[in-house]
Amino acid sequence: MAKKPYYITTAIAYTSGKPHIGNTYEAVLADSIARFKRMQGYDVRFQTGTDEHGQKIEIKAQEAGVTPKEFVDKVSGEIRSIWDLMNTSYDKFIRTTDEDHEKQVQKIFKKLYDQGDIYKGYYEGKYCTPCESFFTESQLVDGKCPDCGREVIDAREEAYFFKLSKYADRLIEYINEHPDFIQPESRKNEMMNNFLLPGLQDLCVSRTSFSWGIPVDFDPKHVVYVWIDALSNYITGLGYDLDGDSDPMFEKYWPADLHLIGKDIIRFHTIYWPIMLMALGLPLPKKVFGHPWLLMDGGKMSKSKGNIIYADDLVDFFGVDAVRYFVLHEMPFDNDGSITWDLMIERVNSDLANILGNLVNRTISMNNKYFGGVISNPGVSEPVDEELKSLAVDTPRRVAAKMDKLRVADAITEIFTLLRRCNKYIDETTPWILAKDEAKKDRLATVLYNLMEGIRIAAVCLEAFLPETAEKILDQLNTQQRSYEEQTSFGLLETGGKVVEKTEILFARLDPKEVMAKVEAMHEARRAADGSQNGGTDASGSGDALDRTQKDGSAEDDAVIDIEAKPEITYDDFAKLQFQVGEIIACEAVKKSKKLLCSQVKIGSQVKQIVSGIKAHYTPEEMVGKKVMVVVNLKPAKLAGVLSEGMLLCAEDAQGNLSLMVPEKNMPAGAEIC
């Protein structure tokens with residue numbers, strides 16, 4: 001009987017820089033789903049890749065003194081190497097510079113033009129260069145780009161447009177008739193209420209202001225813009241040919257079962273892409289899941305904040321499967337997750353080293369100690385065994401039920417519930433006491449068999465999430481019973497064979513102080529190497545930059561900001577302000593406010609209380625001990641009912657990120673700033 005096909009894709013990563021762990025999470029998440037579907041017997045096609053055209057790439061290549069193709073070759077290779085490092089089992093890594101992809105994009109553009117869905121016009125409005133997007137005045141937020149928060153400029157450009165409104169009613173009807181098409185539910189409501197129901201504007205699908213893109217073959221001064229170029233990778237990667245000569249693989253796997261993307265690009269995949277497919281006469285994907293973000297200390301990772309964590313660094317410290325476990329288990333279904341070095345250490349020690357690793361080590365070691373490693377099952381059962389057996393047999397079903405709903409973190413929790421039950425079973429049966437009584441030897445053998453069988457079933461379920469660890473466990477049990485589909489009864493672990501003589505430590509316990517000292521040493525080495533204060537390489541934010549935005553919220557390293565000039569003042573006006581260095585000696589959040597921190601600032605021999613709207617950028621703990629620049633003679637005022645006696649000076653980038661102004665050298669509290 002032929003296997004049922006299953007096609008899963010990630011968004012394609014924009015080749016602007018090295019992806020951080022938040023970007024990498026998506027590839028690992030998709031891999032866990034793909035692996036699980038294979039375990040269930042599906043014929044899986046897992047596609048990922050890189051998005052390599054656009055003005056931003058053209059500019060970065062010029063700055064680097066290389067051609068755009070040389071630039072994207074390097075970055076795409078780096079992205080792929082990280083996906084490989086994380087043991088992602090993709091079947092296709094597509095690049096939008098692939099010749100066959102570019103050829104089909106030109107055909108698609110021409111077809112849509114010929115049938116009247118694309119027309120030539122002019123785009124005039126507010127233009128954001130980093131996002132490569134036009135906006136109307138009403139779409140701006142505080143006069144700035146609604147996507148990235150940067151400044152916009154007035155621009156007018158000849159362009160081709162795609163008639164989205166022509167298909168809007170049809171798409172609304174499709175979404176209503178397919179309630180699972182957009183997941184989670186909150187994302188569907190956002191698309192319907194904020195975009196589709198108010199009415200769609202026609203979409204700009206070509207550009208003339210840069211050349212690094214796929215040329216419109218019948219109007220070469222235009223290049224195909226990102227929407228048609230990048231989104232169509234999901235079908236071109238299957239060998240789709242508009243002329244009817246498609247690879248059989250396209251007929252086999254399309255429509256996609258799942259597009260897995262970041263929540264920030266849900267609009268492009270649930271509005272632009274489905275309408276494009278409708279215009280081409282192709283079926284729509286079955287489901288689009290907009291996953292949440294992995295945040296650092298509750299905020300987006302950005303180079304300017306110095307809080308970027310990279311997958312390869314984490315792997316160096318913790319190993320591949322530990323990192324996979326963390327990003328998969330710590331991400332809720334529809335809320336953002338959080339990662340810190342401290343939390344990583346805690347999870348390795350508590351979950352992986354203790355609950356999993358120690359259980360496997362103890363069980364196999366006891367079987368070696370008491371039975372020379374031989375696996376036997378005399379069947380001397382007691383009532384206490386039944387709960388463990390029942391849970392073990394039911395765990396594969398529970399895991400599958402969670403995975404059917406894409407609740408990956410919950411699926412892993414089900415496996416660890418079984419592992420915890422195994423640990424409890426050891427405490428209940430006390431094998432070390434049974435071993436002291438020769439008359440209870442058969443009972444001891446049964447207890448250890450039950451434990452090993454529970455561990456085996458957990459390991460089989462764990463293969464999709466921690467593949468290397470699962471294989472190591474099954475190897476230590478010396479079992480051939482590794483098929484997920486056959487886990488329908490308890491007692492499949494073969495008897496008569498031997499477990500390994502010497503167990504391998506799956507996850508060693510970590511010394512938090514030792515690890516954090518090494519982390520700081522790594523950061524120091526990078527600061528020394530590149531002269532920056534945060535190290536690392538710039539990264540795009542969501543793992544896909546279909547909207548060409550730097551999603552992590554950081555300003556570009558070479559960005560400049562022009563602000564509206566204020567009226568000129570005289571020196572006498574300036575001299576009225578008193579600036580001094582202050583040292584923050586205490587800080588706490590203002591209870592009635594989501595934005596304010598209240599700091600006690602030592603300035604000379606006095607202490608002033610200053611309230612600042614920087615809670616989104618600094619924690620109270622981060623504030624304490626900082627030397628800062630203070631306006632000390634500002635008239636006191638109450639903010640959220642709390643008296644403020646001055647102002648801390650900050651710099652603000654185009655996206656609203658704040659950085660406290662601090663003296664370059666160590667200056668005493670109270671030193672005058674002049």
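**Close-up 1. The side chain of T340 reaches the backbone nitrogen of L343, at 2.9 Å.** Keep in mind while looking that this is a predicted model. To find T340, look in the loop between β16 (337–339) and α13 (341–371). Is T340 buried or exposed? T340 counts as buried because its relative accessible area is 16%, and the cut-off for buried is under 20%.

**Close-up 2. Here helix α12 meets helix α15.** Helix α12 covers residues 320–329, and helix α15 covers residues 408–429. Their axes come within 8 Å of each other and cross at roughly 120°. Which residues make the contact? On the α12 side, look for Y325, L328 and H329; on the α15 side, pick out V408, A409, I412, T413 and F416. Sort the residues in this contact by class and you get six nonpolar ones and two polar ones, with no charged residues.

**Close-up 3. Strands β5 and β7 pair up in the antiparallel sense.** Strand β5 spans residues 118–128, while strand β7 spans residues 153–162. How many bridges does this pairing run over? There are 10.

Close-up 4. To see the strands face each other, find F162, which stands opposite L203 in β9.

Technical notes:
Residues are numbered from 1 along each chain as its sequence is written. This is a predicted model: local features need pLDDT of at least 70, side-chain atom pairs count only at pLDDT 80 or more; totals for chains, interfaces and linings use all residues. Side-chain values use heavy atoms; hydrogens and water are left out. Axes are lines fitted to C-alpha atoms, for helices over the stretch in contact, and angles run from 0 to 180 degrees between N-to-C directions. Helices (H or I, at least four residues) and strands (E, at least two) are DSSP runs, numbered from the N terminus. Contact means heavy atoms within 4.5 Å. Ala, Val, Leu, Ile, Met, Phe, Trp, Tyr, Cys and Pro count as nonpolar, Asp, Glu, Lys and Arg as charged, and the others, Gly among them, as polar. Buried means under 20% relative accessible area, exposed over 50%, partly exposed in between (1.4 Å probe, protein chains only). A polar contact is a pair of N or O atoms within 3.5 Å; within protein, one must be able to donate a hydrogen and the other to accept it, and residues adjacent in sequence count only if both atoms are side-chain atoms. Two strands pair if DSSP finds at least two bridges between them.
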